[in-house]
Amino acid sequence: KGYKGVLNKYKVLATKNPILYITHYKESAIQFAQHHKINSNLEAAETLYKNAIDIFDKNSSYNFAIEVFEAPLIEFYYQTNQLEKLVLLYTNIEKDKGTIDSNMGIILSRLASMYSKLNNFEEAEVIYIKQLKYYQEKTKNYKSFNLYKLEKLNNSLAAYTYNSLGELYKKHKLTNQALNTYEKSLLIFKNLSKTDPVKYEMEVANVLSKQGYIYYELGEYKTAEELYKKSIDLYKKYVLIMPKQVTSYLATSMDMLSSVYTMRNEYEKAIVITNELTQIFNQAIYLDNFDKELIDGKAYNLMRLAYLYKDNSQFMNSKNAFLEALEIYKETNEAAAALYGLGELYEKMQQFDKAEKAYAESLSIYRGLEKTTANILSIAWTLDRLGLVYSGLEQRTKSKQSYSEALFMYRQLTKQEPLKYKAYVAWTLSRLGELHEKDKQIH
């Protein structure tokens with residue numbers, strides 16, 4: 001009732017004097033529509049957006065008001081996955097091109113993104129190319145009238161569109177097209193960064209990181225290393241200015257650079273870069289008032305560091321990193337993964353009693369989670385590891401029990417995806433077979 005009363009007042013005022021009241025009306029309408037959307041009353045939300053547009057005659061001087069309300073309607077259709085209505089709205093906007101076309105870029109972007117989500121590659125590619133032509137045409141027009149700010153804006157929008165198109169090509173394994181498209185985006189952002197480095201050097205870094213990932217996937221680790229290093233250097237320039245935002249991007253590049261070194265068996269380099277990232281997280285956490293997302297990011301990084309230490313036989317460092325991550329994860333479901341890693345470490349150190357305790361605690365958490373495929377697989381893995389530990393402790397009965405339960409779960413998963421899980425069934429059967437052989441020898 002409160003939303004409706006305020007909205008009606010602003011509707012009357014905005015109709016009489018849109019210049020003064022259109023913004024207030026827009027905000028009230030969006031809040032009321034969001035209220036309906038949250039309560040799953042999508043039809044009421046849509047009606048509200050449409051009514052907001054309809055109160056302004058498209059043939060009047062209030063075209064800007066129609067544009068104001070079309071943008072949230074576009075977002076509404078996109079967020080509620082209403083492709084047909086989004087296509088119809090696009091058709092209407094295209095008819096009005098030349099008078100009301102400021103939303104053309106927005107709707108093209110949303111249409112392409114929706115087609116991409118639906119794995120309709122051909123339509124997504126066509127729409128992205130239309131979007132690029134739209135921005136390029138606008139940029140050309142603004143340049144001819146010496147409207148530098150608008151020219152710059154549309155140039156940047158073209159670069160973002162190249163980025164999205166590159167993501168589409170990458171998603172569909174069209175590597176060369178993805179790299180070429182990213183390169184076009186990179187050239188625009190580099191040019192824009194000459195006059196606005198704070199805004200656009202971050203975008204340059206983002207594209208470099210995306211290119212680095214493609215070369216990493218191709219196994220061209222030297223090129224990937226160079227690209228990640230360049231992106232890291234740019235991110236570091238702004239990590240103190242925007243600690244939370246930049247640290248998340250920086251973490252991705254540094255994490256992938258660590259993976260590059262790991263793939264080349266350069267564990268010391270991987271450890272150095274991952275340790276450095278831990279310190280960056282510490283700094284960002286302090287600067288951003290102990291933000292939870294940053295703390296969780298640090299915990300994930302500590303897990304990575306712990307495994308690197310373990311694989312490099314630096315067991316005490318590995319233990320300390322696991323325990324530090326576990327301290328962050330305590331009383332959360334994520335503690336299961338940290339305890340599992342700690343169990344693996346103790347197992348490698350042949351401290352089977354400690355490994356048993358860690359695995360058992362991990363298993364207890366996993367058993368309490370929703371029975372998704374991923375969680376069932378985690379339970380089976382943990383039972384498998386417990387089977388090995390009990391075998392090391394000469395507790396063959398417990399070992400067989402753990403293997404048998406793991407085997408049952410693997411067989412259930414094999415019914416869903418035979419090719420994916422048959423190897424787990426075979427591995428566990430071989431372990432059970434070894435135990436039965438030992439029993440025969442004893443008897």
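**Salt bridges, helices and rings in a predicted model**

Lys-152 and Asp-196 form a salt bridge, with their closest N and O atoms 3.8 Å apart; the term covers a side-chain nitrogen of Lys or Arg within 4 Å of a carboxyl oxygen of Asp or Glu. This pair links distant parts of the chain, 44 residues apart: Lys-152 is in helix α8, and Asp-196 is in the loop between α9 (175-193) and α10 (197-217). Helices (H or I, at least four residues) and strands (E, at least two) are DSSP runs, numbered from the N terminus. Lys-152 is buried at a relative accessible area of 16%, while Asp-196 is partly exposed at 23%. Here buried means under 20% relative accessible area, exposed over 50%, and partly exposed in between (1.4 Å probe, protein chains only).

The model is predicted: local features need pLDDT of at least 70 and side-chain atom pairs count only at pLDDT 80 or more, while totals for chains, interfaces and linings use all residues. Residues are numbered from 1 along each chain as its sequence is written, and side-chain values use heavy atoms, with hydrogens and water left out.

The protein has 20 helices and 0 strands. Of its 443 residues, 45% count as buried. Among contacts (heavy atoms within 4.5 Å) between residues at least 6 apart in sequence, 58% join residues at least 24 apart.

Helix α7 (residues 121-144) has 24 residues and should span 34 Å at 1.5 Å a residue, which agrees with the 35 Å between its end C-alpha atoms. The expected span is 1.5 Å times one less than the number of residues. Its buried residues include Phe-121, Ala-124, Tyr-128, Gln-131, Tyr-135 and Lys-138. An α-helix has 3.6 residues a turn, so residues three or four places apart point the same way. Helices α6 and α8 (148-171) are among the elements that cover the buried residues of α7. Ser-116, in helix α6 (residues 104-117), touches Ala-124, Leu-168 and Lys-171, leaving aside residues up to four places away in sequence. Ser-116 is itself buried, at 13% relative accessibility. Just after α7, Asn-146 has a positive phi of about 55°.

A search of the whole structure finds 22 salt bridges. In one of them, Lys-237 and Glu-201 bring their closest N and O atoms to 2.7 Å. Lys-237 lies in the loop between α11 and α12 and Glu-201 in helix α10, so the pair ties together parts that are 36 residues apart in sequence. Glu-201 counts as buried at 14% relative accessibility, whereas Lys-237 is partly exposed at 47%. Salt bridges also link Glu-225, Lys-229, Arg-264, Glu-266 and Lys-269 in a network.

Rings of Phe, Tyr and Trp (its six-membered ring) pair if their centres lie within 6.5 Å; planes under 30 degrees apart count as stacked, over 60 as edge-to-face and the rest as tilted. By this rule there are 14 aromatic pairs. The rings of Phe-76 and Tyr-77 have centres 5.8 Å apart and planes at 50°, so this pair is tilted. Tyr-235 and Tyr-249 are stacked, at 6.0 Å centre to centre and 10° between the planes. Tyr-235 is in helix α11 (residues 221-236) and Tyr-249 in helix α12 (residues 243-263), so the pair ties together parts 14 residues apart in sequence. Tyr-235 is buried at 1%, and Tyr-249 is partly exposed at 36%.
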